[in-house]
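Please read the following note alongside the sequence and the model. It takes up a few points of the fold in turn.

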Amino acid sequence: MNATAAAGNATTTGGDERRRDLPTGPGTLLAGAAMLLSGVLLLHWLGRLTFWRDEWAFLLHRRPWTVGSVLDPFVEQLLAIPVLIYKTLVGIFGMDSAVPFQVVAVLLFLASVGMLFIYVRRRVGEWLALAAILPILFLGPSWDDLLFPFQMALFGCIACGIAALLMLERRDRIGDLAAMALLLTALFFFDLGIPFVAAATVEIAFGRDRWRRAYVVAVPTAIWLIWYAGWGHEAHTFISLSNFARSPNYMLDGLAASLATWLGLGASANDPSPLDWGQPLLVVALGLVAWRLYVLRRPSPRLVGTAVVLLGFWFLTALNANLFAPATAGRYQYLGIVLMALVAAELANGMRVRRYATVAVVLVGVTAAIVNGEQLRQAANGLAGIAQQERGGLAALELARGQVSPDFELTEQNSGVDYLGLLDAGSYFSAIDAYGSPAYTTAELASAPEVGRVAADKVSAAAFGVRLQPGGRSRPGTCVELQPAARLAVLNVPAEGIVLRSRSAGTAVALRRYASGSFPVALGTLPAGHAELLRIPADRSARPWSARLSGGGHVTACRAELP
């Protein structure tokens with residue numbers, strides 16, 4: 001059988017393909033073991049995290065069970081199914097823990113990789129399929145996908161899209177109906193469903209029964225267009241003619257970055273750009289693609305379809321590119337690699353790969369998985385620190401309840417964490433009343449890691465607008481004389497406050513309450529010869545604040561008179 005005939009047979013069902021689906025070979029068993037290991041590690045790392053960034057949009061601002069809360073675009077994307085998943089899980093399990101959300105995300109991720117394994121195995125066998133998925137299972141450069149449950153949108157879309165392509169291979173009514181439902185589900189998971197619908201359209205258009213099967217893509221397309229007319233057209237996008245003009249370079253960079261990351265040569269601390277390896281590797285890969293197309297003479301409809309998915313994804317991403325969405329961004333590499341694997345499997349379909357070549361490819365996959373896995377571990381450790389900051393900052397926000405303005409927002413400046421403008425006090429308090437709190441309790445905060453306690457101090461000070469205020473009356477008989485230039489002075493701040501007067505400028509004042517290794521709240525310096533009042537409003541914690549004075553000259557510190 002020649003290569004062209006083999007490729008053609010691969011797009012229809014056959015005995016060889018069905019035998020490849022039987023999970024009896026050692027390569028398939030190893031793939032299952034690798035998926036299990038990946039799932040265990042991801043759940044272990046995720047277990048140290050809490051809700052983060054975009055998740056707060058679903059938790060705080062899409063609580064009502066209305067059509068709009070489900071179908072309103074998130075930025076420019078239709079994420080109806082992820083919204084429903086979040087709403088359902090928070091209704092059942094509450095917000096005390098992010099574990100239920102993490103479990104669902106990991107299961108969807110493993111489902112997407114499992115679908116890819118099945119797809120590639122049908123084309124090139126279990127060992128090359130194993131090599132294809134190993135780097136993806138531990139994809140460190142895409143940590144902001146694998147360690148961020150919000151990205152279940154991507155995983156669900158990929159799983160449904162690949163499953164739809166597999167169902168189309170049945171070429172019967174049940175397969176077509178299943179493909180139609182899966183394509184529609186992919187669209188409601190994430191906008192990557194659009195290229196999958198385009199791929200199915202191309203494949204069906206090549207067939208003689210194209211009109212009989214047209215409903216497979218017509219129904220999902222029509223429903224998506226209805227959504228766009230009703231809700232999607234109001235979304236903000238970055239689509240522009242300049243992005244269109246730059247799209248070829250963007251797409252090439254995206255392909256290069258994905259290829260390098262797939263091989264374990266993506267971005268790292270010592271190699272900040274995957275393009276260093278990716279660009280020369282892409283030149284080689286394009287040469288191999290050209291040779292394979294020459295051998296095939298006529299590409300199969302499925303090869304054309306998978307190419308449409310891959311290039312369609314990068315083109316749509318390029319059209320909507322902005323300063324924060326370069327082609328080399330790690331969150332795009334998971335998608336880029338999976339779609340590249342689909343194309344590679346179609347190109348290799350029908351090829352006879354010698355045993356030594358298969359062994360070499362598997363070794364490359366194992367090596368890439370190890371390299372990527374180390375990056376994933378490092379990223380997990382970094383995110384664990386952010387989670388500690390979040391839980392500490394949220395605990396401080398809850399302690400300030402009743403005193404803080406409902407409009408107060410947590411920001412990177414006042415908490416150390418970027419909440420993307422999504423977390424305001426009023427919405428947060430309303431949500432925790434209904435679903436529970438992910439923050440440290442007061443007892444937990446006292447023994448939390450230092451970064452969490454530092455975040456708590458920053459948030460408390462920002463929530464109350466703590467600052468030095470001109471004036472203040474001193475209580476007689478309570479004053480002490482200090483020389484902070486010679487020796488740092490640390491004072492407890494009583495409820496009524498303290499009055500500070502410096503004879504010369506330059507004395508810096510900083511605060512802490514829960515922190516122990518630093519004074520994270522800087523209040524500036526004392527002016528020369530003027531009294532400054534430091535008074536901190538009371539909250540739900542009885543723990544006292546401490547003030548540190550450093551530098552400058554002679555300072556007189558007195559208890560303030562009660563207002």
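1. How many bridges join strand β4 to strand β9? In this predicted model, five bridges link β4 with β9 (residues 555-559), and these two strands run antiparallel. Within this pairing, Leu 500 has Ala 557 of β9 as its bridge partner.

2. Strand β4 also pairs with strand β7 (residues 531-534), through four bridges and again in an antiparallel manner. Here Ile 498 stands opposite Leu 534 of β7.

3. Turning to the helices, α10 (residues 152-168) packs with α12 (residues 193-206) at an angle of about 10°, and their axes lie 10 Å apart. Angles under 35 degrees count as roughly parallel, and α10 and α12 are therefore roughly parallel to each other.

4. The contact between these helices involves Cys 157, Ile 158, Gly 161, Ile 162, Leu 165 and Leu 168 from α10, which meet Gly 193, Phe 196, Ala 200, Glu 203 and Ile 204 from α12. By type, the residues of this contact comprise eight nonpolar, two polar and one charged.

5. The largest nonpolar core contains 169 residues. Those with the most contacts inside this core are Trp 56, Phe 109, Phe 196, Tyr 334, Leu 397, Leu 511 and Leu 534. Of these, Phe 196 also takes part in the contact of α12 with α10, while Leu 534 is the residue of β7 that faces Ile 498.

6. Which residues does Tyr 334 touch, leaving aside its neighbours within four places in sequence? Among them are Phe 109, Ile 136, Leu 139, Asp 145, Leu 154, Phe 155 and Ile 158. Ile 158 belongs to the part of α10 that meets α12.

Notes. Residues are numbered from 1 along each chain as its sequence is written. This is a predicted model: local features need pLDDT of at least 70, side-chain atom pairs count only at pLDDT 80 or more; totals for chains, interfaces and linings use all residues. Side-chain values use heavy atoms; hydrogens and water are left out. Axes are lines fitted to C-alpha atoms, for helices over the stretch in contact, and angles run from 0 to 180 degrees between N-to-C directions. Angles under 35 degrees count as roughly parallel, over 145 as roughly antiparallel, 65 to 115 as roughly perpendicular and the rest as oblique. Contact means heavy atoms within 4.5 Å. Ala, Val, Leu, Ile, Met, Phe, Trp, Tyr, Cys and Pro count as nonpolar, Asp, Glu, Lys and Arg as charged, and the others, Gly among them, as polar. Two strands pair if DSSP finds at least two bridges between them. A nonpolar core is a set of buried Ala, Val, Leu, Ile, Met, Phe, Trp, Tyr and Cys residues joined through side-chain atoms within 4.5 Å. Buried means under 20% relative accessible area, exposed over 50%, partly exposed in between (1.4 Å probe, protein chains only).
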